[in-house]
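Have a look, then we'll talk it through.

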Amino acid sequence: MITRIERNANTEINAGEDEVVARLFGTIREHLRTLKRPLADSLFALFIGLLIGAALMLVFGHNPITGYISMLKGFGLFIREGSFNKTEFLEALAYSVPLMLTAITFAVGMRAGIFNIGAEGQVYMGAVAAAWIGGHLVLPTGIHVLVATAFAMLVGALWAILPAILKIFAGVHEVISSIMLNWIAFFHVPYLIIHHFAGAYAERTAAILPTARYPVIGASLTAVIFVAIAACVVVYFLLWRTRAGYELRLVGDNPDAARYAGVNIRRAILISFIIGGMAAGLAGASQVIGRPLLGWTLPATLGTVFGLGFSGIGVAVVGRNHPIGGIFAALLFAGMLNGAKFMEYDFGIPSDLVVAIQGVIILALAVPTLLPMIRKWVKKIGRKPK
Amino acid sequence: MKLLNSKGIASTTVIIVAIIVIIAAVAGVYLVVMKPTTAAPAFKIAVVSDIGGRGDLSFNDMAFKGGEEAERDFNVQMVELISQTEADYLPNLRIAASDPDVKLIVGVGYLLTTDLVKAAGEFPDKNFMGIDTYTKWVAVEGVKEIGETLPNLLDIVYEEHKGSALVGALGALLATYYDKPYIGGVFGIEIATLWKFEIGYKWGADWAISWYENNHPDNAAAEPTTSIVKTPTKERVLYTYTGTFSDITKGYTAALPMYEENAIAVYNIAGPLGLGINSVVRDIARRDGLEQGPPFWIGVDANQDWINPGFVIASMMKRVDRGVYNATKWVKDNTFRNLVENYGGQVTLGIGTTVAGTLTEGISISTLADLDEFVQMGVKAEELTGEPVLLGSPEWISTKVSTMRDAQPSWIWDAVAELEGKIRSGEVVVPLASTADDVAYWRNILG
């Protein structure tokens, strides 16, 4: 931990406990100040996304207001049966777990200036790793969960180290290598499931033993959400409160300055991939040992883990590539995705529309960054004839 | 963001305004929605599909077909819920069961078994039915033990082994006629349901060869070495489990080597993968300039003869549509719960089967009479995808299929009919392989 004394004109620096409190308030105010703009941007983008979603619904002959009311059911609201509210809300929370984690994978990559889009494959590998430990090994309660989780994170990290090594030592662009590794995992994991890890049923892994399951909090939510949130907080601390994290962010913000400052760029990239891989591995594990809805197993079709890696990219963007922002973005996305089935059931609105809305939100965040670039380019063209 | 700042609006203001708008919207909407509405209670049934959903031209489509016929005949409304991944099963079942108008929830497919039990436990006042499910034999914590049945949950299973025996016999007899050494089978995921198909198919082929040797001993002896009669028993059926019910290309890659080895017909036991098998046959037809088979393929679940008329010799029809239709009728007549109790939670539909004294069958080999019904399924698929599915007009299809059937010697069709009669009367017993031990035993004999 770096210890810094902040001199802030608005806080009094007192000795002892008061000093800690003052520093804390200073930090929070600092954060709030820097938070305002990205939060405003995200809310604005959300608004644009919903607006265009409403337009799409109108074009296809649906009522956007009732449509969105249905979508809000995904958060547990507006459902008439009293017993349902809690279930759906907990469902949304459970859905947000893998999303906030795969968001870390992409976000930490972006912070280091790299495109780690290998979360998809890392999730599959983490999931099958957890399925193996959870279904085929016998360990005491508590330890079993820990070992399964830790092993899944390790495997996810190892799968992420491959593109890292390829980039560091061979200059291979991580987009190519991580996408290819996604596909390798996509075929390899079902092979492992069907031929090595299947249990009583041929098309999925052996059921996770009770000793390896996360304790259920309610509906589909287990204690794994605490692990996920803790992981986000830990990543935050790593990136903003440690030297290695600072260096990582510097490599992403200004690679030249980093090089001049003598930062070990290779190490920073490696750390970024490792953190991303561990987060994705945890996301995969959460769907196998941490989510009762999915049956305490991993199917060979990968239906329960497919798409989480890519969804994480969108969540990361809306969370502004910040691990804590990712938590909120994940909750938003999860609620919306959970609500998609209500839109479909109540009004026949295709559930893909929710994904489209989320896509527009992401675009709305990307476009503003493009605007100054376009302006510069137009100016350049205007100057040419002279 | 440049846009906001250039207008001079502070970011703080945007956030505050956004939060106020959101709260106001939610509150306003809440007030509007929570007003009680009066509506006439309708009778709805919900059909929750397996992965693959509509357009598979077999399993799922059959279920929806049954639902549509129930709509027409029983004045009910069918709600469709498509499962895109396994994670959708339970949410779909729940959301259907939460609708106060829904009286019957159908889960289509073996993979929905556990989730059906969970949902049935959560909604004891609703009726649940599963196609190909084995809910009696699963345990769900807090709901039921293995061997117990729930009063509101019914499994409808089929005698696929009997139907597969019929098409196995058909395939083997065609192989004797055309002097081909093999018949083939392309399977999906290796689940217990498919073992019934596999062993039934092989057994039927074996029965047919024995029948041929007994009834036409001179012909059998005079068969060339390329004929299936001369192929060792355990090698007669080329088969593979592709591990998927949705990847059509795997149907192609699995069937191709079988046809290259001169299999006369390949049986599709993998739903939409039949389209992959069809691609191989279509390529061969194009290459050799054929108007009709051989080579043939054999359809499954629905009547698939119309998909490539002249090249689909027959289909092993599993009347999933009748299952859904009958279940709706039982719920409407209020006999559903009695049936669950009397039949121990599981009703079997097959050849010669009865339910509550009424002949209620569910397995048959396709006939020309069924063809028209199922051409409609193709018409619907065209509407759904916007792409042409039917190769020609219904009349043209009908003519091609009957031409193909007439081109085969009548003794082949007679033999298959004889087998069906013997199965119905109980004179022959088609083995039902439901456990790994059964399968191992029969594979040891039949390959």
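Predicted model: local features only at pLDDT ≥ 70, side-chain atom pairs only at ≥ 80, totals over all residues.

Residues are numbered from 1 along each chain as its sequence is written, while chains are lettered from A and ligands numbered from 1 in the order in which they are written.

Q: How many helices and strands does chain B have?
A: Helices here are DSSP runs of H or I with at least four residues, strands are E runs of at least two, and both are numbered from the N terminus. On that count, chain B has 16 helices and 14 strands.

Q: What percentage of the residues in chain B is buried?
A: Buried means 20 or more other C-beta atoms within 10 Å of a residue's own (12 or fewer is exposed, in between is partly exposed), with C-beta atoms placed from the backbone. Chain B has 447 residues, and the buried share is 50%.

Q: Which residues of helix 10 of chain B are buried?
A: Helix 10 covers residues 274-288 of chain B. Its buried residues get cover from elements including strand 6 (182-187) and helix 9 (248-260) of chain B. The buried ones are B:Gly274, B:Leu275, B:Gly276, B:Ile277, B:Asn278, B:Val280 and B:Val281.

Q: How far apart are the end C-alpha atoms of helix 10 of chain B?
A: The expected span of a helix is 1.5 Å times one less than its number of residues. With 15 residues, helix 10 of chain B should span 21 Å, and the end C-alpha atoms agree, lying apart by 21 Å.

Q: At what angle do helix 11 and helix 12 of chain A pack?
A: Axes are lines fitted to C-alpha atoms, for helices over the stretch in contact, and angles run from 0 to 180 degrees between N-to-C directions. Helix 11 (residues 308-318) and helix 12 (residues 323-347) of chain A have axes 8 Å apart, and the angle is about 120°.

Q: Which residues of helix 4 of chain A make the contact with helix 11 of chain A?
A: Helix 4 (residues 119-136) and helix 11 of chain A pack at about 130°, with axes 6 Å apart. Contact means C-beta atoms, placed from the backbone, within 7 Å. Helix 11 of chain A brings A:Leu308, A:Gly309, A:Phe310 and A:Gly312, and helix 4 of chain A brings A:Ala119, A:Glu120, A:Gln122 and A:Val123.

Notes. Contact = placed C-beta atoms within 7 Å.
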